[in-house]
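Visitor: Hi, I'd like a quick tour of this one. Can you put it up?
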Amino acid sequence: MAKKEKRKKRDDLDMETTIADMNVEGFSWYDPNRKNGKSSAPQLTKKEQRALMRGAFRAMLPMIMCIITGMLLVFLLAFLWLS
């Protein structure tokens, strides 16, 4: 009989990327000698930055338009009511 090999599960959890540096003076684990020279943010080209900003604006645009429309409606009703 052949032994069944255990399948290794791929661990996609990234344990190296720093989201926020928790080496803050006053905490019990503060280490003044530790230097974090790696930048966790990826370097983007100008074209990628523009695409990122354009995508963010497109995602916010419907909500911005709803807010502007609501404000205009309130001002119009107030103008008609007070005139």
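Visitor: How many of the residues in the protein chain count as buried?
Guide: Of the 83 residues, 1% count as buried. Keep in mind that this is a predicted model.

Visitor: Which residues are in helix 1, and what span should they have?
Guide: Helix 1 covers residues 46–82, which is 37 residues. At 1.5 Å a residue, they should span 54 Å. The end C-alpha atoms are 50 Å apart, so the two values agree.

Visitor: Where does helix 1 bend?
Guide: At Leu-61, by about 40 degrees. A proline, Pro-62, follows within four residues.

Visitor: Which residues form the nonpolar patch on the surface?
Guide: Phe-57, Met-60, Leu-61, Ile-64, Met-65, Ile-68 and Leu-72. Together they have about 630 Å² of accessible area.

Visitor: Take Ile-68. Where is it placed?
Guide: In helix 1.

Visitor: Why does Ile-68 count as partly exposed?
Guide: Because its relative accessible area is 42%.

Technical notes: Residues are numbered from 1 along each chain as its sequence is written. This is a predicted model: local features need pLDDT of at least 70, side-chain atom pairs count only at pLDDT 80 or more; totals for chains, interfaces and linings use all residues. Side-chain values use heavy atoms; hydrogens and water are left out. Helices (H or I, at least four residues) and strands (E, at least two) are DSSP runs, numbered from the N terminus. The expected span of a helix is 1.5 Å times one less than its number of residues. The bend at a residue is the angle between axes fitted to the seven residues ending there and the seven starting there. Patches are made of residues with over 30% relative accessible area and no salt bridge: like charges are joined within 9 Å, nonpolar side chains (Val, Leu, Ile, Met, Phe, Trp, Tyr) within 5 Å. Accessible areas come from the Shrake-Rupley method with a 1.4 Å probe; for residues, only the protein chains shown count as cover. A salt bridge is a side-chain nitrogen of Lys or Arg within 4 Å of a carboxyl oxygen of Asp or Glu. Buried means under 20% relative accessible area, exposed over 50%, partly exposed in between (1.4 Å probe, protein chains only).
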